[in-house]
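Here is a quick tour of a two-chain model, written for someone who likes to check the geometry directly. Have a look at the structure first, then read on.

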Protein chains: 2
Amino acid sequence: MAAGLGVKAAPFTYVAHALAVAAAVMVLVWCISFRGGLAFEADNKNLIFNVHPVLMLIGYIILGSEAIMIYKIFPKLNHDTTKLIHLILHAIAIVLGAVGIYCAFKFHNESGIANLYSLHSWLGIGTISLYGIQWIFGFVAFFYPGAAPHVRRGALPWHVLFGLFVYVLTLATAELGLLEKLTFLQSSGLDKYGAEAFLVNFTGLVVALFGAAVVVAAVAPAHVEEPEGYAPIPVN
Amino acid sequence: MAAGLGVKAAPFTYVAHALAVAAAVMVLVWCISFRGGLAFEADNKNLIFNVHPVLMLIGYIILGSEAIMIYKIFPKLNHDTTKLIHLILHAIAIVLGAVGIYCAFKFHNESGIANLYSLHSWLGIGTISLYGIQWIFGFVAFFYPGAAPHVRRGALPWHVLFGLFVYVLTLATAELGLLEKLTFLQSSGLDKYGAEAFLVNFTGLVVALFGAAVVVAAVAPAHVEEPEGYAPIPVN
């Protein structure tokens, strides 16, 4: 299907990069300018929470997205090098995601807020667990020790499909997190139509479009075949 | 990519049907047993709200999902008949979705609650608009009057890709809606770890798995080619 789209992956990677920068700036403006900044230790526990959206979006989702697109960002790079970048970026994303989740628990525990009751937390824990399983499976099958060639060939489409499933779940979890936090703030009096509410909602829209660009970049081919009958006429 | 999975769509349609039944039962139990029932006119405005999740999940998402999978549910049916079912089911889904959205506005307006400030509402309005545009484009290009064959051939993969993008956005919007409503109820005192909270969260998980099954059913082929070298040996 993806090959039939007749588009190359490259332009979608450019769009994704631009939207990633936009989303990163938006979440930083939100957490620093509107919410007071970031801290691992603070009397104002909200500053500990603020690390959570920043790390989940920039560290976990954006780095993970670059890892997904890496084969399309550098289509001419040596395959083994690209694979190494792919697995290292995903590993960093998982670690930063885990630190981000730790900050959410730390904020809850130091503020007397209950843990793990919301759909955001359920999906989030489930998703990062699947992400880790996917990473281990990919490492063993495709990197070290590496499965037999026919097993790899059969496993690759499933690696891509399951990887994109987990990726879309991370995006959905991010949307849930943005809505959940904003709902808490609004029930504590934040203006429903104010600048901060619009910033957070637009961050959600940018993340959705970013994710769409990443998925298309992942499934679109790096090179498009010339359609039959329109191939360049050979010179000699 | 999808063809390389080596699986047929059929089993995924069965899984999707089973999960659709589960999700439908869960949202009905929630809105009727836990939330007091459904009504278009009532002094208890909450009953008007309750129509919203029921219509959005059963009418909009589940009917729309069946429309998406119809070519894989009946792979041997005449193509024109399947196409007609596809567009009629999608049309019914859009109408029921619009009625469901109307009930949310009606509940807000009759209860003095603000409209269209949350990410759920933004994504929801955006998604059903895109859904409608997709339907009109599909009707004109593939049904009546129908574009020229080479235009259809070029447009079909984009119809599938954009359709699945809109579909995943409807799923994300549903997850946001479940979380938003439950967050409101919990901030009004509903038990965070009670039966109702778990029912709603599990509905969210079932919807996510349902959506995954529908997407795989949509992209997997109706028939799998025999792998080369393993084709049945001709009799004569």
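A word on naming before anything else: helices here are DSSP runs (H or I) of at least four residues, numbered from the N terminus. Also keep in mind that this is a predicted model.

What kind of peptide bond joins A:Y144 and A:P145? That bond is cis, with omega at about 0°. Over in chain B, B:P145 lies in the loop between α4 (119-143) and α5 (149-187), and the peptide bond from B:Y144 to B:P145 is cis as well.

| Peptide bond | Form | Omega |
|---|---|---|
| A:Y144 to A:P145 | cis | about 0° |
| B:Y144 to B:P145 | cis | near 0° |

Another spot to check is A:L116, which has a positive phi of about 55° although it is not a glycine. You'll find A:L116 in the loop between α3 (79-111) and α4 of chain A.

**How the chains relate**

**The interface**

Each side puts residues into the contact: 41 from chain A and 41 from chain B. About 3,700 Å² is buried between the two chains, and carbon and sulfur atoms give 82% of that area. Which three residues supply more of the area that chain B buries against chain A than any other three? They are B:Y117, B:W122 and B:L179, with 18% of it.

**One helix pair up close**

Now zoom in on α5 (residues 149-187) of chain A and α6 (residues 195-219) of chain B, which pack at an angle of about 140° with their axes 12 Å apart. Angles over 145 degrees would count as roughly antiparallel, and α5(A) and α6(B) are therefore oblique to each other. The crossing of α5(A) past α6(B) is right-handed.

As for who touches whom, A:L161, A:F165 and A:L169 from α5(A) meet B:A208, B:L209, B:A212 and B:V216 from α6(B). Sorted by type, the residues of this contact are seven nonpolar, no polar and no charged.

Notes
Residues numbered from 1 in each chain as written. Chains lettered and ligands numbered in written order. Predicted model: local features only at pLDDT ≥ 70, side-chain atom pairs only at ≥ 80, totals over all residues. Heavy atoms only, no water. Axes fitted to C-alpha atoms, helices over the stretch in contact; angles between N-to-C directions. Helix = DSSP H or I, 4+ residues; strand = E, 2+ residues; numbered from the N terminus. Parallel < 35°, antiparallel > 145°, perpendicular 65-115°, else oblique. Left-handed = near helix turned anticlockwise from the far one by under 90°. Contact = heavy atoms within 4.5 Å. Nonpolar A, V, L, I, M, F, W, Y, C, P; charged D, E, K, R; others polar. Buried area = accessible area lost by both parts, 1.4 Å probe.
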